[in-house]
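Open your viewer, switch to the cartoon view and keep the selection tool handy. We will go from stop to stop, and at each one you will pick something and look around.

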Amino acid sequence: MFNGIKSVIYPSSNLEADTKFWAAVTGTKPYTAESYYVGFTIEGCELGLDPNAAQEGLTYPVGYWNVHDTKAATEQILASGATVHAELRDVGGGMMMGTFKDLSGNIFGIIDNPNA
């Protein structure tokens, strides 16, 4: 079901400063830099900066597992005892993302990008 970590999203309280920091650390320019999200592609993995993460209760980075069927993955995750943290949603272009809490309360996500 899981096909590797596809994305790690970091909360950002200062998008401009964090963008400069991650550009310097990775030696990569962002492929997108919007007021609501900054994204870098590094060796096929997404490094994202989310200024709205704190509003969603996220105060630390969240890894998103790549899946090809978000409905089936959600059913399996919930059947294993996890709970929904944030419902699956289309974040643009048909890309579906959602987060869950494992049995210890750790937050993890799933992502399906049909364009990747």
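Start by selecting Gly-92, in the hairpin of strand 6 and strand 7. This model is predicted, and in it Gly-92 takes a positive phi near 125°. The hairpin has 5 residues between its strands.

Now colour the two strands on either side. Strand 6 covers residues 83–90 and strand 7 covers residues 96–101. They run antiparallel, and 5 bridges join them. To see one of these pairings, click on Asp-90 and then on Met-96, its bridge partner in strand 7.

Next, follow strand 7 to its other partner in this tour, strand 8, at residues 107–112. How many bridges link strand 7 and strand 8? The answer is 6, and this pair is antiparallel too. Select Lys-101 and look across to strand 8, where Ile-107 stands opposite. Strand 7 and strand 8 also form a hairpin, again with 5 residues between the strands. In its turn, pick Gly-105, which has a positive phi of about 90°.

While the strands are on screen, here is a general idea to keep in mind: in a regular strand the side chains alternate between the two faces of the sheet.

Move on to strand 5, residues 62–66, and select Asn-66. Is Asn-66 buried or exposed? Its relative accessible area is 14%, so Asn-66 counts as buried. Show what surrounds Asn-66: beyond its neighbours within four places in sequence, Asn-66 is in contact with Met-1, Phe-2, Asn-3, Gly-4, Lys-6 and Ile-111.

Now go to Ser-12, in the loop between strand 1 (5–11) and helix 1. With a relative accessible area of 7%, Ser-12 is buried. The side chain of Ser-12 reaches the backbone oxygen of Asn-14 at 3.4 Å. A polar atom of that Ser-12 side chain also lies 3.2 Å from the backbone nitrogen of Leu-15. Leaving aside neighbours within four places in sequence, Ser-12 is in contact with Asp-18, Leu-49, Asp-50 and Pro-51.

Gly-27 has 68% relative accessibility, so Gly-27 counts as exposed. Finish by drawing a line between the C-alpha atoms of Gly-27 and Ser-7. These two residues are 20 residues apart along the chain, and their C-alpha atoms are separated by 18 Å.

Technical notes: Residues numbered from 1 in each chain as written. Predicted model: local features only at pLDDT ≥ 70, side-chain atom pairs only at ≥ 80, totals over all residues. Heavy atoms only, no water. Pairing = 2+ DSSP bridges. Helix = DSSP H or I, 4+ residues; strand = E, 2+ residues; numbered from the N terminus. Buried < 20%, exposed > 50% of the residue type's maximum accessible area, 1.4 Å probe, protein only. Polar contact = N/O pair within 3.5 Å; in protein donor to acceptor, adjacent residues only side chain to side chain. Contact = heavy atoms within 4.5 Å.
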